[in-house]
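Dear colleague,

I am passing on a structure that you have not worked with before, and I would be glad if you could look through it alongside my notes. The sequence and the model come first, and the findings follow.

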Amino acid sequence: MPGLEEARRLIAAAGNIFVLTGAGISAESGVPTFRDAMTGLWQQFDPEELASEDAYRRQPALVWEWYLHRRELVAAVHPNPAHHALVALAAQRPFTLVTQNVDGLHQRAGSAGVIELHGNLFANKWLDGCGRCNEATALPGMPPRCNLCGALMRPGVVWFGEDLPRVARYRAEHAAQHCDLCLVVGTSGLVYPAAGLPGLAREHGAPVIVVNPQPSALDQTADIVLSAAAGACLPLLWPPQPAPSAG
Ligand code: OAD
């Protein structure tokens with residue numbers, strides 16, 4: 001694979017690695033990426049049209065159902081060798097793992113301290129809550145509503161047009177500015193501010209390695225583009241830890 005040896009050398013020499021992942025890292029687990037065509041019932045919908053507050057206010061039942069469908073889909077799949085490779089890297093040295101994914105697969109693989117820029121699919125929060133919202137009731141086919149004020153429950157993800165969680169964004173930007181190598185895995189690099197993080201790392205002197213089987217908007221920011229699937233590529237990027245010797 002062109003660039004692999006150079007990437008391995010840079011990673012081995014780096015003291016402080018910043019990893020940014022996107023939907024492509026979960027593709028081999030069976031989670032469709034955002035910009036792949038959706039399947040089945042959802043084929044007719046554009047995720048960008050469902051993932052917004054506007055869409056939720058207009059069609060709460062439809063959008064809630066879409067998130068329930070995604071929760072079921074993600075709950076039924078497993079982390080793949082790319083997620084596991086990042087757990088193995090953490091066993092060798094600390095690094096910062098920032099994800100745009102809401103699927104929780106890094107955490108299920110065993111990664112700790114994951115910075116989730118776009119929230120989590122399995123979390124809920126209130127839309128226009130009264131501040132005392134606690135218990136909710138759901139009528140069939142509808143999202144739950146607060147028993148006190150009737151506020152809608154909504155998924156705890158970042159929708160189009162919304163700000164990123166402030167602490168996650170701050171920590172991600174800080175880590176990008178202070179890393180000495182940036183590894184980008186499985187993102188189209190089209191959605192900001194996340195897509196700006198590799199550029200930020202580069203401005204601060206870090207080389208950037210992109211892993212993606214397709215061209216992406218971040219290729220122009222990269223020093224090395226590894227044109228490969230994450231599950232095949234990541235396990236090759238750092239050698240496995242030798243087993244501890246007995247006695
Ligand atoms: P996209 O769906 O935009 O891009 C997925 C990328 O993964 C593409 O560049 C694919 O080529 C690449 N890819 C596919 N299979 C791969 C594999 N096996 N290994 C490595 N790469 C692979 O997903 P994101 O870039 O994550 O935001 O999308 C960014 C954000 O847009 C998402 O977090 C979401 C969405 O709107 C919010 O929900 C706020």
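What percentage of the 247 residues in the chain do buried residues make up? They make up 47% of them, where buried means under 20% relative accessible area, exposed means over 50%, and partly exposed is in between, with a 1.4 Å probe and protein chains only.

Before the details, please note that this is a predicted model, in which local features need pLDDT of at least 70 and side-chain atom pairs count only at pLDDT 80 or more, while totals for chains, interfaces and linings use all residues. Residues are numbered from 1 along each chain as its sequence is written, and side-chain values use heavy atoms, with hydrogens and water left out.

On the overall fold, the chain has 9 helices and 10 strands; these are DSSP runs numbered from the N terminus, with helices being H or I of at least four residues and strands being E of at least two. The chain is as compact as a globular protein of 247 residues, because its radius of gyration is 19 Å, close to the 18 Å from the globule rule; the radius is taken over C-alpha atoms, and the rule is 2.2 Å times the number of residues to the power 0.38. Along the principal axes, the C-alpha atoms fill a box of roughly 55 × 50 × 35 Å. Of the contacts in the chain with a separation of 6 or more, 68% are between residues 24 or more positions apart, a contact being heavy atoms within 4.5 Å.

As for the surface, the accessible area of the chain comes to about 12,300 Å², and 54% of it belongs to carbon and sulfur atoms; such areas come from the Shrake-Rupley method with a 1.4 Å probe, and for residues only the protein chains shown count as cover. The chain has 17 positive and 22 negative charges, whose mean positions are 5 Å apart. Here Lys and Arg count as positive and Asp and Glu as negative, without His and the chain ends, and each charge is placed at NZ of Lys, CZ of Arg, CG of Asp or CD of Glu.

Next, the cysteines. How many disulfides does a search of the whole structure find? It finds 0, where a disulfide is a pair of cysteine sulfur atoms within 2.5 Å. The closest cysteine sulfur to that of C146 is in C133, and at 3.5 Å it is too far for a bond. C182 is in no disulfide either, with the sulfur of C179, the nearest, 5.5 Å away. Both residues are buried, C146 with a relative accessible area of 5% and C182 with one of 0%.

A85 is in helix α5, residues 81-92, and counts as buried at 6% relative accessibility. W66, found in helix α4, residues 60-75, is buried at 2% relative accessibility; W66 and L234 are 31 Å apart, C-alpha to C-alpha. G119, in strand β4, is buried at 13% and touches N101, V102, G156, V157 and V158, not counting residues up to four places away in sequence.

Finally, some loop positions deserve a look. The peptide bond from Y192 to P193 is cis, with omega near 5°, and P193 is found in the loop between β8 (181-185) and α8 (197-203). D128, in the loop between β4 (119-127) and β5 (136-137), has a phi near 55°, a positive value in a residue other than glycine, and D128 counts as exposed at 53% relative accessibility. P215 lies in the loop between β9 (208-211) and β10 (224-226) and is exposed, with a relative accessible area of 71%. The C-alpha atoms of P215 and V225, 10 residues apart along the chain, are separated by 8.8 Å.
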